[in-house]
Amino acid sequence: MWDYTEKVKEHFLHPRNVGEIENADAVGMIGNIVCGDALKLTLKIDKETNRIIDAKFQTFGCASAIASSSVLTELLKGKTVDEALQISNQDIANYLGGLPEEKMHCSVMGREALEAAIKDYKGEAEVIASQEKIVCKCFNVSEEKIRKVAVENHLTTVEEITNFTKAGGACGSCQSEIEAILKDVWSIKEPPKPTPGPSKKLTNLQKIALIQDVLEREIRPRLQADGGDIELIDIDGNKVIVGFRAMCVSCPMGGVTLKSIEEKLKEVVGEEIVVSER
Amino acid sequence: MKTLYFDNNATTQVAPEVLEEMLPYFCEYYGNPSSMHFFGGQLHRKVEEARARVASLIGAEPEEIIFTSCGTESDNTALMSAVETNPTKKHIITTKVEHPAVLNFCKHLARKGYRVTFLPVDTQGRLDKEALFRALDEDTAVVSIMYANNETGVIFPIAEIGQILRERKVVSHTDAVQAVGKIPIRVKDLSVDILTLSGHKLHAPKGIGALYVRKGTRFYPYIIGGHQERGRRAGTENVAFIVGLGKACELAEQHLQQETEYLSRLRDKLEKGLLETCPDVSVNGDTAYRLPNTTNVSFEFVEGEAILLRLDEYGICASSGSACTSGSLEPSHVLRAMGVRNTAIHGSVRFSLSRYNKESEIDQVIAVMPSIIKDLRSLSPFGRNQLTPNRCPASS
């Protein structure tokens, strides 16, 4: 069961502005019945002031899709076209008091229908689908859309992209491609991570924290993947004492494991680190 | 608000008689059946009584029953045992419409190097037997086919298949979680080697299941440790829940015939009522060979989650094969395997009944459904007059 806010339930059970405006000045249709959700947005716009006088919607979809559409029409009424374009998918979700992560794509559908409607109003040609590179073939999601949604919503993981666009959510074969796109998107904008190097003079507390961090993040998951494990028993100056656990206890490769842990710690914490087993 | 519960293929209410029988085994008789002292040892008899009750429901011998923690454990154990005891054979046959407990375990084995054939079903959800016989070869270690499908209720011809598999000396397993307690099952007539059943689908609590392993079938345990269940399933016996499962099976056996008739009458009334009062509705699955308690109906042009949440406003509980309710973004793998139109899958709703449903509850569903569907359709940009694509533009 989804954890919907009262606002979502309210707009789902009593949606506002349902229907289709006749002789609409702008029509935006997004999604299709096969993929599980679709939204048709129609707007009446005052040509002199560019102000949206009326907005109506028809939605095929789940509760959050219906609520997102209903809220969108509320947000649009009275705004100028330029003001309307400032409404982001996050604004739609916020107005609803938030949406479950997995349902964020419903708010994105609202934003997309809005863009499509305004493009229609301005007489801008739709981007021809075949010119876009489709990344997710199951849900017909283009690379352009993934990049756009990632930047607008600060998304950094494939899972987040799936929640917001559905891409990668069915057969999953495009997930590595999405990962590559995300790397590309964020490598430009993310400041390079400061690399903890041996050059830094660490306090004892920092050193202990760093050793714990390396063991937890890098060493233990690898050992656990093979059924083994280690425990950090003590740190005495530069001496790191660990105990083998699980499959590692009886593993004949124990010495090699110890050596590789030491190498990793030397690299990250400092050359002077020595690792021994108790 | 009163709850009108029509989701009994998901889980069932624990029968009050079952709970009553279980209660003394928490605080009063809490011993370990393996103990040497009388206090613990006396429970052994109670566990064996439950085993006999489970066996009786499916026409098995008590020593052919192993208690497990759930249906999933039983399914995993059955498949693992079959491949462990046939180490030279690397082929597994199952269907596209199995429960994830079988489906995903087979996919797991496929990643380990096994060859897995997923058999198709036809548009009515019926198994393609010819495809099964074509897929069988010398390398086949196990064939695992569900007794009845959880989403549509369609019953597979397990007896017929079992006969052939026995002749071919292939281990046969059936996931009968949805069937046991709802329709008569006599394992002697089935020729299956291993059968899965689960407590919480037949008014026992969640967290207890069982496995029937035909005498003479080679077996290898999945959970390894102590000597419990004659070394076939380690772990201290979950006495209270085993007692509960035993009682639930006894109740099911006592009331089986009468319940089958009662449930199918109610189900048919519900189905007929929905078909008559709502336009553009169809039934998914073969209605001739079907569990008496299950109906799966598709409401075109509307989405399942929206239907369920509107029903929820009336306290009515059902489930859907729509993508939005599946936890993944893909709609029901069962309805897709049947080739049901995507538009109909998204609007599918399953009602599954139990002995606790009343006829007046059926009337209530029939009374509220037309306005819910009409409402949601008025919201929908699609309808009978619009051209709706039948395939996703990009996928096929």
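The following questions and answers cover domains, helix packing, a sheet and a chain interface in a predicted model.

Residues are numbered from 1 along each chain as its sequence is written, and chains are lettered from A in the order in which they are written. In this predicted model local features need pLDDT of at least 70 and side-chain atom pairs count only at pLDDT 80 or more, while totals for chains, interfaces and linings use all residues.

Student: How far apart do the C-alpha centres of domain 1 and domain 2 of chain B lie?
Tutor: Domain bounds here come from an automatic or database domain assignment. Domain 1 of chain B covers 4-9 + 255-376, and domain 2 covers 17-252. Their C-alpha centres are separated by 28 Å.

Student: Which element gives the largest share of the side of domain 1 of chain B that touches domain 2?
Tutor: Two residues are in contact if their C-beta atoms, placed from the backbone, lie within 7 Å; on that basis 23 residues of domain 1 of chain B touch 23 residues of domain 2 of chain B. Elements are DSSP runs numbered from the N terminus, helices being H or I of at least four residues and strands E of at least two. On the domain 1 side, α9 (239-277), β10 (294-299) and α11 (333-337) of chain B each give two or more residues. The largest share, four residues, comes from α11(B).

Student: What are the edge strands of the seven-stranded open sheet in chain B?
Tutor: Two strands pair if DSSP finds at least two bridges between them. The strand order is β2-β8-β7-β6-β5-β3-β4 (chain B), with mixed pairing. Each edge strand pairs on one side only, and these strands are β2 (65-68) and β4 (115-119) of chain B.

Student: Which residue is the bridge partner of Thr174(B) in β7(B)?
Tutor: β6 (residues 171-175) and β7 (residues 194-198) of chain B pair in the parallel sense over three bridges. In β7(B), the partner of Thr174(B) is Leu195(B).

Student: Is α9(B) roughly parallel or roughly antiparallel to α13(B)?
Tutor: Axes are lines fitted to C-alpha atoms, for helices over the stretch in contact, and angles run from 0 to 180 degrees between N-to-C directions. α9(B) and α13(B) pack at about 15 degrees, with their axes 9 Å apart. Angles under 35 degrees count as roughly parallel, over 145 as roughly antiparallel, 65 to 115 as roughly perpendicular and the rest as oblique. Therefore α9(B) is, relative to α13(B), roughly parallel.

Student: How is α2(A) oriented to α5(A)?
Tutor: Helix α2 (residues 63-76) and helix α5 (residues 104-122) of chain A have axes 8 Å apart. Among the residues that meet are Ser68(A) and Leu72(A) in α2(A), and Met109(A) and Leu114(A) in α5(A). The packing angle is about 40 degrees, which means that the orientation of α2(A) to α5(A) is oblique.

Student: How do the residues on the side of chain B that touches chain A divide into nonpolar, polar and charged?
Tutor: 28 residues of chain B are in contact with 25 residues of chain A. Elements giving two or more residues to the chain B side are α10 (304-312), α12 (342-346) and α13 (359-379) of chain B. Ala, Val, Leu, Ile, Met, Phe, Trp, Tyr, Cys and Pro count as nonpolar, Asp, Glu, Lys and Arg as charged, and the others, Gly among them, as polar. The chain B side divides into 14 nonpolar, nine polar and five charged.
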